[in-house]
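Please keep the sequence and the model at hand while reading.

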Amino acid sequence: MSELERTRERAPAVPAWEYAPAPESRDIVHLRDRYGLFVGGEFVEPKSGRWFATIDPSTEDTLAEVAEAGPEDVDLAVDAAREAWTSRWRDLPGSERAKYLYRIARALQERAREFAVLESMNGGKPIKESRDVDLPLAAAHFFYYAGWADKLDYAFPGRSPRPIGVAGQVIPWNFPLLMAAWKLAPALATGNTAVLKPAETTPLTALLLAEVIQEAELPPGVVNIVTGAGETGAALVDAEVDKVAFTGSTEVGKIIRRSVAGTGKRLTLELGGKAANVVFEDAPLDQAVEGVVNGIFFNQGHVCCAGSRLLVQEPIFEPLLEKLKGRLQTLRIGDPLDKNTDIGAINSKAQLRRIEELVAAGVEEGAEMYQPACDLPARGFWFRPTLFTGVSQSHRIAQEEIFGPVLSILTFRTPEEAVEKANNTPYGLSAGVWTEKGSRILWMAERMEAGVVWANTFNRFDPASPFGGYKESGFGREGGLHGLEPYLSLGGGELDGGSGRT
Ligand code: NDP
């Protein structure tokens with residue numbers, strides 16, 4: 001018997017560990033009863049006269065009423081953005097634009113807790129994620145692009161980078177503030193003005209950002225925020241904007257692409273994914289399990305580059321599955337504001353229905369489902385973390401983006417088979433590889449048809465990536481160098497930042 005085993009034998013039995021509730025206080029958030037549209041630097045009543053309720057998906061309680069922008073409201077916002085562009089922002093030196101972006105970044109840091117609590121209240125994501133991921137990254141985005149604002153000539157030597165004009169930006173609900181930062185920071189740094197449409201279910205942090213923008217004394221009209229549902233987004237796409245930037249579903253992306261075709265508007269699309277996370281037999285199993293869990297259950301699986309298809313090399317299928325099931329039993333589901341919560345609420349009833357429909361299709365098509373035993377809160381929208389084995393490539397759960405905490409597991413024997421299965425998807429957003437061998441990482445990264453490949457070995461571990469690994473290849477989200485080109489005219493031979501395959 002080893003010394004370790006002897007020590008274990010002598011140790012007293014450990015009673016079951018229970019987590020006491022550790023809720024973050026909601027008091028830091030001061031909600032208004034009603035939020036108007038943010039146009040020309042002011043909150044204004046909607047000309048449409050319509051309002052809608054925004055809720056907390058973990059309780060279904062109404063948080064506030066929000067204005068619904070109609071086409072006339074959208075046009076007024078675009079006019080305000082145009083006026084701000086031509087009269088002020090376009091010709092402001094980059095170093096001056098940068099000052100505003102730095103101000104916004106610092107304000108986000110100063111008010112990080114308030115933003116994080118509000119993000120979790122309105123979106124359902126665990127506070128530890130909004131606090132440790134969404135907020136720091138949103139602030140970092142503004143800092144990063146502030147740094148570029150006065151260096152555009154150096155980024156594109158021999159070209160003459162010029163702003164495009166007014167950007168119409170439509171964003172989804174999975175990272176509401178972070179998506180707003182992804183859209184606004186590069187647009188403003190490059191000298192454009194913007195009209196942003198947050199998702200219908202998660203408008204509140206964008207509206208709090210509008211308050212920060214007012215405090216930063218950004219010239220009125222440089223940023224405008226129009227809330228509403230899909231019709232508001234469609235009106236913005238059709239309005240007199242010079243560029244459309246969209247993140248969301250592939251279906252809506254296709255609609256937008258069609259309506260923008262032939263108009264001369266610039267377009268960037270960041271759409272869905274069905275990423276393969278490939279684990280080879282030589283991978284460090286415990287670390288791979290953490291990466292796999294992080295890859296699919298982070299943010300309830302509401303992540304475009306979620307590792308939703310796990311490809312496991314046959315010899316390690318059984319031990320990996322056992323470890324995965326064990327790890328799933330330790331995940332805590334519940335109050336998004338509890339600091340111990342791993343999996344929060346599903347963002348909306350509609351998204352919950354979609355997850356349920358696809359999971360039912362998986363069972364019907366013959367895959368085997370595993371869910372850990374756990375209690376779910378009585379109210380709100382919830383879904384247990386779910387694994388599927390016995391999945392074949394033709395199953396809907398292997399082909400369609402579920403956008404929820406559901407992992408489809410397939411096996412492979414050779415690296416060639418892994419590549420073939422990984423690429424058997426209409427999507428091409430991201431992929432992950434787990435192996436001890438650096439050469440195999442490079443071999444896989446060359447062959448997997450994905451914009452970003454996260455590679456994972458023993459000694460490289462980056463908790464910020466959804467796969468827990470480091471980025472092996474890929475470009476900025478909006479395409480091209482540093483994410484700047486999509487908002488610039490480069491004087492000929494332009495790179496359009498369309499994200500290509502979706
Ligand atoms: P959508 O594509 O419908 O929504 C994204 C944004 O587009 C929202 O602001 C939405 O408004 C708006 N929108 C909807 N219809 C139009 C339109 N015709 N013209 C312009 N804008 C429009 O995604 P959903 O929120 O419905 O999510 C459905 C699926 O999309 C998910 O299951 C997932 O597969 C995918 N998705 C992918 C994301 C990614 O990051 N790649 C992010 C979110 C979703 P509103 O929400 O107010 O209706």
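## Cavities

The lining of the largest cavity is made up of eight nonpolar, four polar and four charged residues. That lining has 16 residues, and R309, A422, T425, S430 and E449 are the ones nearest the centre of the cavity. The space inside the largest cavity is about 100 Å³.

The model is a predicted one. Searching the whole structure gives three cavities of 30 Å³ or more. Rolling a probe the size of a water molecule over the atoms shows where empty space is left.

## Ligand contacts

Which residues come nearest to the ligand? The ligand has 27 residues around it, and the nearest are W173, E200, S249, L271 and E401. By class, the shell around the ligand holds 14 nonpolar, eight polar and five charged residues.

Oxygen atoms of the ligand take part in the contacts described here. In the side chain of E401, an N or O atom is 2.6 Å from an oxygen atom of the ligand. The side chain of N174 also has an N or O atom placed 3.4 Å from a ligand oxygen. With G230 the backbone is involved: one of its N or O atoms lies 3.3 Å from an oxygen atom of the ligand.

## Burial and shell elements

How much of the ligand does the protein bury? The ligand taken alone exposes 850 Å², and 85% of that is buried by the protein.

Two or more residues of the shell around the ligand come from each of α9 (230–238), β10 (243–247), α10 (250–260) and α13 (349–364). Helix α9 gives the largest share of this shell, with three residues.

## Salt bridges

Across the whole structure, a search finds 27 salt bridges. One of the pairs is E65 with R34, whose side chains meet at 3.0 Å, N to O. Since E65 belongs to strand β5 (residues 62–67) and R34 to strand β1 (residues 34–35), this pair ties together parts that are 31 residues apart in sequence.

Notes: Residues numbered from 1 in each chain as written. Predicted model: local features only at pLDDT ≥ 70, side-chain atom pairs only at ≥ 80, totals over all residues. Heavy atoms only, no water. Near = heavy atom within 4 Å. Polar contact = N/O pair within 3.5 Å; in protein donor to acceptor, adjacent residues only side chain to side chain. Areas by Shrake-Rupley, 256 points an atom, 1.4 Å probe, with all protein chains shown as cover. Helix = DSSP H or I, 4+ residues; strand = E, 2+ residues; numbered from the N terminus. Nonpolar A, V, L, I, M, F, W, Y, C, P; charged D, E, K, R; others polar. 1 Å grid on protein atoms, 1.4 Å probe; cavity = no way out; pocket = protein on both sides within 12 Å on 5 of 7 lines; lining within 4 Å. Points joined across faces, edges and corners; volume = space filled by probe spheres on them. Salt bridge = Lys/Arg side-chain N within 4 Å of Asp/Glu carboxyl O.
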